[in-house]
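Please read them with the sequence and the coordinates open beside you.

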Amino acid sequence: MSFRTTTETAYVEDVSPGSGALPPRAWYASSDARTLSLNGSWRFRLAQTADAEDDSFAAEGYDAGDWAEVSVPGHWVLQGHGSPIYTNHLYPFPVDPPHVPTENPTGDHLRVFDLPADWPDLAEGDASLRFDGVESCARVWLNGTEIGEFKGSRLPHEFAVGHLLKTADNVLAVRVHQWSAGSYLEDQDQWWLPGVFRDVTLLHRPAGAAADFFVHASYDHLAGTGTLKVDSDVDGRVTVAELGIDIATGESVTVPVEPWSAEVPRLYTGELVTEGERVPLRIGFRTVELSDGLIKVNGRPVLFKGVNRHEWHPEKGRALDLETMREDVLLMKRHNVNAVRTSHYPPHPAFLDLCDELGLWVIDECDLETHGFTEQGWRDNPVDDDRWTPALLDRASRMVERDKNHPSIVIWSLGNEAGTGRGLTAMAEWITGRDSSRLLHYEGDIDCRDTDMYSRMYASHAEVERIGQDLDGGTHKRRGLPFILCEYAHAMGNGPGGLADYQRLFESYDRLQGAFVWEWIDHGITHPELGYAYGGDFGEELHDGNFVCDGLLFPDRRPSPGLVEYKKVIEPVGIDATAGDGMVRITNKQDFAGLSALAFSWSYDVEGEPVESGTLAVPALAPGESADVKLPAPPAAAPAGEAHWTVRAVLAADTPWAPKDHVVAWGQVQAAQRQVPSAAPTARPVPGDGVITLGPGTFDARTGALTAIGDVPVTGLRLDVWRATTDNDDGAAWQDDTRYGLLWRTLGLHRMRHRLDAVEAGENALTVRTRVAPAAREVGLSTVYRWTSDGDSLRLTVCTTPEGEWTVPLPRLGIRFGLSAADRVRWFGGGPGEAYADTRMASAVGRWQSTVDDMQTPYVRPQENGARIDVRWAELGGLRIEGDPVFSLTARRWTTEQLDAATHRTDLTPGDTVWVNLDHGQHGIGSQSCGPGPLPPYHLRAEPAEFSFVFSTVQDPRSS
Ligand code: IPT
């Protein structure tokens, strides 16, 4: 054992990938070679610098009895030692590659293990020790002998250790440094989480064991045949019993097969048998090619309906268990997602097995991002510095070699946001040289010098359409390539808006081959006081706040309204009303499968109540085909009222990812129009003692303020234009577009003053004239409330007229008021979930019920949420409210101002008033937290407006 010297820790800042490891190879679970998981509780000691401790802990006999313990896989910062740091693209240390700070949290991990009694004789074969992921740099000793050090956090590293193993008391010592030269290559937008966060495994390598092998399984769509060839470092035989295949490695065979696709993930079970080992194979026959300027699989262009997936668990960080990985894939499949980009590193290999098995197209992305160099104009970017190229090639080969046998992977990606440079070209050349059967992606290569597709992030609808029309220019090579959005629809907070408008483009232009929502899940960390923590909550001196919570799932994996919307927008079957009266148009939007897995049904609802239902016969439709299907005659016994047909496509039988009857797609067709509510103004305002009554309404005589409807007290009813700005309203700091959240606040729309101009008790109406405007500004809204009654109900008509020069849209336009008690909410209109102007596809017209608490959407950073749109009528707190026209309903136990001020959900404490917003309109949502804002049709322009509500009391218990 030697003592610390500066050279002892030189490897930490060495740009080379490491030393001592075996060449990378395919990751597989052997049928018969023994393995020993070294996951579990390890002894742990944290030092604040890389060189604080010597390596004596690695020696046999070292007593670590007084050390702490951590779970492996895991991150020590999530287990009570130090804290996580969140930055988007800024390096949380001075940029001086390859140097890292002296303060370099270093975790010594120690594990003593015995070999199982039935472990083969140590003289037979060898053994290897595999680390599937360690962030960011590790040095490893076994039984006092150093076996190597490595970087490349989300990549496997394997060491030959047979010569060091003993039957008992093996001492495995792993020193992990949070920061290393490798950190410069791992500047992904996520938490910095050091630790041994994936499995550690000891693998027996019998004499004659398989080493590396490459399964080549292509599909000829014209002949309907598959060709199989398995190249193997160690000769052996390959069998696929179901296909009668029994060939030598290196030999190829062509037989009739069913192809693999994400839609029909047909896998064949095979086996590779070498002298010393049997290896199970799961073979999917498919051919990926670029032809006619399109990405084609098995001869057909594919449309990606994708998500970007980081590995995340709110307690375990990136140390995911198999169940969580499976849950991700099941949730994707159940929400019609067909593709995943493994942003921005290769995932745990078990995730890829699930993609093969359940069917998802995968872009496997290398563990590479150097985004922080953008701050210095990309100077000194490691990807353009030959000294770093070996590290880049090491990363590329570790990804490709590990993952090459997965049929689900159709595209390799060099990494994310790493600028441009020779190192990337070297990676691209190496990858295509090693594997010509897949395509190559890298978004930063704007001219597509090294890549097979033009890829962008967050491009606007207009730009995407220009690209679809081939009007975007670009290099000659790029003009001939297909287009994908590797990131779009930033799912931060409420949103993303505009999904349907993108999807229409993708479905209209062949060149547009789909897109990947940013991103799958919010990376909130479970926190005792804050609910979920985000950037800054651990006292980081540099951080990017809640930009880390921008997923379609909440941290606990509950689907957000954004995912529900996405599911609707990307339905594999179109069901729409374009075919005309009494008809429905059914379109098979899949790329490969027919409709045989689905069963179609209709239901006929009046006023949201089901009247009759039945099955719908839909002809067999090949991918891309449509049929206009006649609906039955409306039920003779149907009562009068607004009526809808709802047509559903459900799974006809259980599948591995969802049970029979799971709804895959649906559509609604209106069958009878709504009658708008009327209340003839027959009652007259009656002055009383400081009050005016009008039908069931009681008003303050001086202010004209409504105080009760029947026996239901009402407070603070007035015009409301403010919403608790969403992340998409606020926009991102670098956005130079108009950011309305800021403009609204600057204008003072969150502090509108209500000037009372007149209270006029007329013949058959009570009219209250006001002007609503912010201090310091000339703009305002002249607002007239006109109350009338037919004796039973009370009608309010609000008339607003903008005054002054309005240069911004309004956040919302409607009224709000307080109710002293309300819990249960029933409504007829859009539901069941939240919806806004440009996030409304998943909202179905129906009769819904919920509670005030359940109507809140738990965005990690509180913001405007929970609106139900197209509401015809609603009942809550003893009131029935009918809209003319339909309205948007929001109800909560805190004010919009309190919601706006909250930074975490735990800041929101229910008061004794339920605040209700009835909106005539709200501004759209967009996705400007990192992309374009709402499209113009979804802007809520400051324009003259008139809208009415009819209030009455209902018996409905107010607080049950
Ligand atoms: C883009 C990144 O690729 C992704 O990792 C994430 O940070 C996302 O933005 C925002 O959440 S890069 C950005 C400059 C568009």
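Predicted model: local features only at pLDDT ≥ 70, side-chain atom pairs only at ≥ 80, totals over all residues.

1. For asparagine 88, the distance between an N or O atom of the side chain and an oxygen atom of the ligand is 3.4 Å. On its own the ligand has 390 Å² of accessible area, and the protein covers 89% of that area.

2. The largest pocket. The volume of the largest pocket is about 810 Å³, and among the 45 residues that line this pocket, Val564, Gly831, Pro832, Gly833 and Ala842 are the closest to its centre. At least two lining residues are supplied by each of helix 8 (561-569), strand 39 (609-615), strand 41 (643-651), strand 42 (663-672) and strand 54 (844-851), with helix 8 giving the largest share, six residues. The lining of the largest pocket divides by class into 18 nonpolar, 15 polar and twelve charged residues.

3. Cavities. How many cavities of 30 Å³ or more does a search of the whole structure find? The search returns nine, and the largest cavity contains about 90 Å³ of space. Its lining is made up of Pro23, Pro24, Arg25, Ala26, Trp27, Arg130, Pro156, His157, Glu158, Arg398 and Arg402, and strand 11 (157-160) and helix 3 are the elements that contribute two or more residues to this lining. Five of the lining residues of the largest cavity are nonpolar, one is polar and five are charged.

4. Cis peptide bonds. Most peptide bonds are trans, and a colleague checking the backbone may therefore wish to look at the following two sites. The bond from valine 72 to proline 73 is cis, with omega near 0°, and proline 73 belongs to the loop between strand 4 (68-72) and strand 5 (85-87). Tryptophan 518 and glutamate 519 are also joined by a cis peptide bond, for which omega is about -5°; here glutamate 519 sits in the loop between strand 33 (512-517) and strand 34 (525-527).

5. Positive phi values. Most residues other than glycine have a negative phi. Aspartate 380 counts as exposed because its relative accessible area, 53%, is over the 50% cut-off. Alanine 776 also has a positive phi, near 75°, and its place is in the loop between strand 49 (766-774) and strand 50 (780-789). With a relative accessible area of 76%, alanine 776 is likewise over 50% and is therefore classed as exposed.

6. Is leucine 331 buried or exposed? This residue, which is part of helix 1 (residues 322-334), has a relative accessible area of 11%, and because that value is under 20%, leucine 331 is described as buried. The C-alpha atoms of leucine 331 and proline 559 are separated by 8.4 Å, although the two residues stand 228 residues apart along the chain.

7. Proline 265 and tryptophan 361. Proline 265 is located in the loop between strand 20 (252-256) and strand 21 (268-274). Its relative accessible area of 23% falls between the 20% and 50% limits, so proline 265 is partly exposed. From C-alpha to C-alpha, proline 265 and tryptophan 361 are 10.0 Å apart in space, while their separation in sequence is 96 residues.

Technical notes. Residues numbered from 1 in each chain as written. Heavy atoms only, no water. Polar contact = N/O pair within 3.5 Å; in protein donor to acceptor, adjacent residues only side chain to side chain. Areas by Shrake-Rupley, 256 points an atom, 1.4 Å probe, with all protein chains shown as cover. Helix = DSSP H or I, 4+ residues; strand = E, 2+ residues; numbered from the N terminus. Buried < 20%, exposed > 50% of the residue type's maximum accessible area, 1.4 Å probe, protein only. 1 Å grid on protein atoms, 1.4 Å probe; cavity = no way out; pocket = protein on both sides within 12 Å on 5 of 7 lines; lining within 4 Å. Points joined across faces, edges and corners; volume = space filled by probe spheres on them. Nonpolar A, V, L, I, M, F, W, Y, C, P; charged D, E, K, R; others polar.
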